[in-house]
Amino acid sequence: MEATKSNGKYWLWFFVWFGILITLLFVYREFFWLALPGTVTYFAKSMNLI
């Protein structure tokens with residue numbers, strides 16, 4: 001049987017990166033793509049995809 005692990009910290013990091021993404025999208029539009037790797041990575045980890 002596989003042990004389940006808490007994903008709370010991954011959700012927290014996802015929302016932090018998502019906030020950075022939204023901020024960059026409105027303030028520095030040309031740099032918003034810099035937050036995409038962190039947003040996508042922590043979303044995938046929080047959904048147990050990787």
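Modeller: Before anything else, contact here means heavy atoms within 4.5 Å, and helices (H or I, at least four residues) and strands (E, at least two) are DSSP runs numbered from the N terminus. This is a predicted model, in which local features need pLDDT of at least 70, side-chain atom pairs count only at pLDDT 80 or more, and totals for chains, interfaces and linings use all residues. Residues are numbered from 1 along each chain as its sequence is written, and side-chain values use heavy atoms, with hydrogens and water left out.

Biologist: How many helices and strands does the protein chain have?
Modeller: There are 2 helices and 0 strands in the protein chain.

Biologist: What do the buried residues of α2 pack against?
Modeller: They pack against α1, residues 8–27. In α2, which covers residues 36–46, the buried ones are Gly38, Thr39, Ala44 and Ser46, where buried means under 20% relative accessible area, exposed over 50% and partly exposed in between, with a 1.4 Å probe and protein chains only.

Biologist: Why does serine 46 count as buried?
Modeller: Serine 46 counts as buried because its relative accessibility is 4%.

Biologist: And which residues is serine 46 in contact with, leaving aside its neighbours within four places in sequence?
Modeller: Those are Asn7, Tyr10 and Trp11.
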